[in-house]
Structure formats: C-alpha cells, structure tokens
Amino acid sequence: MKRILITGAAGFLGSHLCDRFIKEGFHVIGMDNLITGDLKNIEHLFPLKQFEFQHHDVSTFVHVPGKLDYILHFASPASPIDYLKIPIETLKVGSLGTLNLLGVAKQKNARILVASTSEVYGDPLVHPQNEEYYGNVSPIGPRGVYDEAKRFMESITMAYHRFHGLDTRIVRIFNTYGPRMRLNDGRVVPAFMGQALRGEDLTVFGDGSQTRSFCYIDDQVEGIYRLLMSDYTDPINIGNPHETTIKEFAEEIIKLTGTSQKVIYKPLPQDDPLQRQPDISKAKEILDWEPKVERSEGLKIVFDYFKSLSKEELLKKEHRNFS
C-alpha cells in the first residue's frame, strides 16, 4: 500500500484530499497543528486502519517513521482573517515548514506536491493569470505574509528540484469552495452564506466590481490528484476560469438562499486583488483537466451543508484557537 503524508489534513482542502487518497487505496498520514483546522473534518476517517493522524506543527520539525511515497504540503492558514491574525505562523509554515518537508521528501525519496496559491500573482496586471506571470505583490503589505510565504515556498521547492533532483510538483490554487469551509473564515462564499443564514445584510468590500472565479472542491481535488500523478514539475494553475463580480455573486447568493437582505458596501481592504481568474490552458493540455461542476450546483451543495450546522456554529464569530 502506497503511503502519503498530507499536512493541513484537518483543514478544508486537506480533509477532502485525505478522503480522495483513502478512496484511491493509499495509507494516509494526516498531520495538522489544528490552529485553523478542525478534527471534525476528518473524524469519520479515524476508525479506518489505513488512516492515522499526528497532531503536530510542521514548522518545528517533521518525523514520519517508515517508508513514504508521497507528500502533500497543505498546511497553512488560507484566508485573510486567519493570516492577518497569525502572520508569523503563516510565514513560518510556508518557509520553515516547507523546508522541513522537503528534507523529509529527500530522506524518504518521496514525491512532494506543495500547495501554492493564486495570491502569488498579487493584484495582477495581467488578466487572466498564466503561470509565466511573475505577479504584482507588496512584500510589506498586510497580505504579504501569505503571498511571500507561498512565493518562497515555490522558490525553495524548485531549488530542491534543481539542486537535489527532488521529485516535486507545485499547484497554484485559485478560489475553491465546498463543504467543510469555516463559516467565519472571512472568504466570500462562507461570509455571504453565513450572513444570509443569520439574517444579516451581505457585506461587499469596495464597489463590488472586483472579480473572482470559484472552483468546486471535487474539481480542485481532481486537478491536484492529476498533477501529483503527472510528470510536470513547473507550477500549474488549478481553478475555475468562469469569472464573476462580487456584486453579481452577492445577488446570486440572495437568490439561492431566498433571503430578503440587502447588499451593503464597505471600504476595500489594503492590497485586495481586483481581478482573479486563472488561465488553465496548461492544466487542460498537460493534465487533461478542467472544472466540471457548475457554480449553481456547487453552491446549492454548500448551502445545504451550512444549513445543517448547529446554531452555535452559525453564530460563532471567532475561531476557537485565536481566542
């Protein structure tokens, strides 16, 4: 049985990756320090003999006994509300955490895939964003702690690939949504749905003309799986190229949820990107991948998931580990 280490296993994306690799017949070692992750995302896997969990911070050191075939490095705060509250931890997991995991991959002769982000493009001057674009990032802005951690992650991963001949993959993940997102994580899908379910007005930052493109979790996981199993070593975008403005998206959520709230506008946060849309030509050509789930279909699944949450979870404003 192939063995895979998945860091950030109790997070939104990490937990879905654990599910996928269990389904594919792997022995999965999940690792998470639970600073933003939640064990309830993976508790259904605990009875399985092919799953084990380590409560551990990869920024300190990483030790995994026995053979290891693959590593997926998905440990990191991933939403502005998180990384603005824990900026140092965000920088450390992208730098020291990545360094530690590259060391394990080298020691175990394992293939490693690191989770980069569309944020490496910053507030882009090229649209849509292709992998050759170097980005427009402020290293000292408040969002720089995440953007630059991920840019360093890519740089050191390629250094290990070139210098040590390590078998590496880099995925640049664009906005992804699905069940197990935290309602209070500050990202637009849970933010709008949480406000709708609580009977609050929907908050749009800026004038709502900024664009995002949303990829459903199953599509994202499929893209990551195909990249890991491919021979492609340069960064590759995985996301949905169908773009919408935040204003249009807010109206879509109001229609879906059947709520009567209005949209209110607040100032745009510093360095918030105005456009975000992946060029997925490489993913189509190299991985034969493109998203399949329509946004209307995916949003309905997510809304049903959020509706199933307890009132306590619906009203929770702060993540427990930040209090």
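F205, L268 and L274 form a nonpolar patch on the surface, with about 240 Å² of accessible area together. Patches consist of residues with over 30% relative accessible area and no salt bridge, where like charges are joined within 9 Å and nonpolar side chains (Val, Leu, Ile, Met, Phe, Trp, Tyr) within 5 Å. Accessible areas come from the Shrake-Rupley method with a 1.4 Å probe, and for residues only the protein chains shown count as cover. A salt bridge is a side-chain nitrogen of Lys or Arg within 4 Å of a carboxyl oxygen of Asp or Glu.

This is a predicted model, in which local features need pLDDT of at least 70, side-chain atom pairs count only at pLDDT 80 or more, and totals for chains, interfaces and linings use all residues. Residues are numbered from 1 along each chain as its sequence is written, and side-chain values use heavy atoms, with hydrogens and water left out.

**The loop between β13 and α8**

- L274 lies in the loop between β13 (263–266) and α8 (281–287); helices (H or I, at least four residues) and strands (E, at least two) are DSSP runs, numbered from the N terminus.
- L274 counts as partly exposed because its relative accessibility is 44%; buried means under 20% relative accessible area, exposed over 50%, and partly exposed in between (1.4 Å probe, protein chains only).
- Q277 is in the loop between β13 and α8, and Q277 counts as buried because its relative accessibility is 14%.
- Beyond its neighbours within four places in sequence, Q277 is in contact (heavy atoms within 4.5 Å) with residues including H127, F174, S213 and P241.
- A polar atom of the Q277 side chain lies 2.6 Å from the backbone oxygen of P241.
- D279 is also found in the loop between β13 and α8, and leaving out residues up to four places away in sequence, D279 touches P128, Q129, N130, E131 and N237.
- The side chains of D279 and S281 are joined by a polar contact of 2.6 Å.
- A polar contact is a pair of N or O atoms within 3.5 Å; within protein, one must be able to donate a hydrogen and the other to accept it, and residues adjacent in sequence count only if both atoms are side-chain atoms.

**The nonpolar cores**

- The largest nonpolar core has 62 residues, and F21, F74 and V189 have the most contacts inside it.
- Apart from it lies another core, of 23 residues, among them M31, I71, L102 and V114.
- A nonpolar core is a set of buried Ala, Val, Leu, Ile, Met, Phe, Trp, Tyr and Cys residues joined through side-chain atoms within 4.5 Å.
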